[in-house]
Amino acid sequence: MKRKSFLEKAAAVPHIVWMILFIVAPLLFVVYFAFTDAAGNFSFSNILNLSNYGEIFLMSVLFAFLATVICLLLGYPLAFFMSRLKPSAQRVFVLLLMLPMWISLLIRTYSLLALLDNGGLLNSLLAKLNLPTVKIVGTPGAVILGMVYDFLPYMVLPIYTTLSKLDIKLFEAAEDLGCNGVQTLFKVALPLSKSGIISGITMVFVPSISTFYISQKLGGGRFDLIGDTIERQFLMNNNKNVGAAISLVMMILILISVAVMNRFGDDDGGELIV
Amino acid sequence: MEQTKIIDLKNISKSFGAEKVLDDINLYIRDKEFVTLLGPSGCGKTTTLRIIGGFETPDTGDVYFDGVKINDVPPYKRNVNTVFQRYALFPHLNVFENVAFGLRVAKVNNKEIVKRVKETLELVNLKGFERRSVATLSGGQQQRVAIARALVNNPKVLLLDEPLAALDLKLRKDMQNELKALHERTGITFIYVTHDQEEALSMSDTIVVMAEGKIQQIGTPTDIYNEPKNAFVADFIGESNILDGVMIDDYLAKFAGHEFKCLDRGFEKNEPVDIVVRPEDVDIVKAEDGMLKGTVTSVTFKGVHWEIIVDIQNFKWMIQTTDYCESGSVIGLSIDPDAIHVMKKSEFSGMFGDYSSFSEEFDELSEADPGAAEEVRVE
């Protein structure tokens, strides 16, 4: 076997150090805190007490799930539409989609708040027109809207990438064999873009389930999601043991859902005969 | 052969941007016929096929199917199926499901689907491949799946877009025979697009030669080969020596400085014409006995025959002969009246004919994968 040169080995060192310091060590700390009490003794009590947070877990999953579904429903048609455009038009659309991603998520969430808040742009416009104002911020809808707004590009881009690589002749073949537009979508486009859909779902669901600032800002402080709870345990309650336990469970939940999603992705075999 | 027109194209024109791809095409195709659209890349043959399939709409003109105008009928409602260039098999489905695709869309019941798919796979010699993934098949096998996927739907017309272009020579020959046999067995009308003249000659009932968006000639393979209408057709189909000539009188043509008896008539007296003499129709005789006399400039062994280039008054003739001639020797040529074909002058006159710049390598290079170029343009 070829021996790696010194340079090749050295090149990886900064990253390895980085990973140990900022990924592996924090993870170990999380595990350590999750299984100890405030005095540092080994204890299961943090984990056992998590049932108190069951409702929060459930609500977080529900919000993230809804946001993901909406992103998929909005994002897939958009990605499909984009992939069928002329290459020059495709580039414009990709740029438009990427542009917001160059700005910090936090700033985007704040600007959404500025638009939708009770005294915000939308409502002052409505007031000027003598129309009744609408209360958006502080509703579950606002939180989900924030998630969709922030994470939609993460759904569109992977789907678009898979779709744009498909041979257009496959769609023509489907049409030739009797498929109308809708049938072509369900029988050819969807199954062949499954990998893109799965990455899209993962990339929207994971940040949605762990977000805290979207729910804080757009939820008007009325919704406590997992992210908010973890933040509060660490920063306000100063109870890092409970915070760590919640984090640990959430990480495991995410790992399981990613693994399940990937299972779907691997199953590339054809449909069963008869 | 039945005489009903299954497809009728009337005054079809089509442009992509500034480029006129089809220029007033008129063509009808009889039921159960094997028709080949033949021409170099960019001649409009694929576009014609795509108009019949419904993937392109003509700018002007009408498409009739079984007497009904189908200009605005989308592909999925046409009783036509296509075998695509490079097959376009569905990678997420196995062989069985690829073939069953059209039947499933048509909601045929499962028992019938199983029966018909099995029959069709047997027809294309793919028995036992049902559960294989299409990615594991060879090019020839993928080709058969593509044919089965189209045939299983019992279309009235099967469209084949350069289906053999991606196969190697030996396989191509086998598939030619198989396609011909399939055509006879199924009784389905085949419309076949190719740039390969040999393929067209060996398979078709009717050949439609196209160039520059226009139909140059429609006829049986023997008609097209023996009686080409203009210099383009003569050059594109087989090898030809195409000479400038004058029709002195009925049955008498003058070219290469000599008067020849021929079988053609009906031209004006002294009308300038193009003369075609096929390389295999020239007899080599002793220099003093020949109608024409020239020097052999090159000799190439081709297996079945020798291909020699003879310089006669600076016009390079190609002659295919089983008699070996030394390069540099002076020989005589004798041409029988039935070996001479006289054509009216056309826009293609003078563009083809001489073998002075002929080189086999060059010929092959210029024909390398013309399908690819065409495909890019069509999209």
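1. Contact between the chains. In this predicted model, chain A and chain B touch: 20 residues of chain A are in contact with 26 residues of chain B. On the side of chain A that touches chain B, the elements giving two or more residues are α8 (168–176) and α9 (181–192) of chain A. The largest share comes from α8(A), with 7 residues.

2. The residues of chain A on the side that touches chain B comprise 10 nonpolar, 4 polar and 6 charged.

3. The sheet in chain B. Chain B holds an open sheet of 6 strands, in the order β6-β7-β8-β3-β9-β10, and the pairing is mixed. The edges are formed by β6 (80–83) and β10 (214–219) of chain B; each has a single partner strand, so one side of each is left without a neighbour in the sheet. On average, and with direction ignored, neighbouring strands of this sheet are turned by 20 degrees against each other.

4. A parallel pair within the sheet. Strand β7 (residues 157–161) and strand β8 (residues 189–194) of chain B run parallel and are joined by 5 bridges. In this pair, Val157(B) stands opposite Thr189(B) in β8(B).

5. A helix on the sheet. Helix α4 (residues 139–151) of chain B packs on the sheet, where α4 touches β6 and β7 of chain B.

How values were computed. Residues are numbered from 1 along each chain as its sequence is written. Chains are lettered from A and ligands numbered from 1 in the order in which they are written. This is a predicted model: local features need pLDDT of at least 70, side-chain atom pairs count only at pLDDT 80 or more; totals for chains, interfaces and linings use all residues. Two residues are in contact if their C-beta atoms, placed from the backbone, lie within 7 Å. Helices (H or I, at least four residues) and strands (E, at least two) are DSSP runs, numbered from the N terminus. Ala, Val, Leu, Ile, Met, Phe, Trp, Tyr, Cys and Pro count as nonpolar, Asp, Glu, Lys and Arg as charged, and the others, Gly among them, as polar. Two strands pair if DSSP finds at least two bridges between them. Axes are lines fitted to C-alpha atoms, for helices over the stretch in contact, and angles run from 0 to 180 degrees between N-to-C directions.
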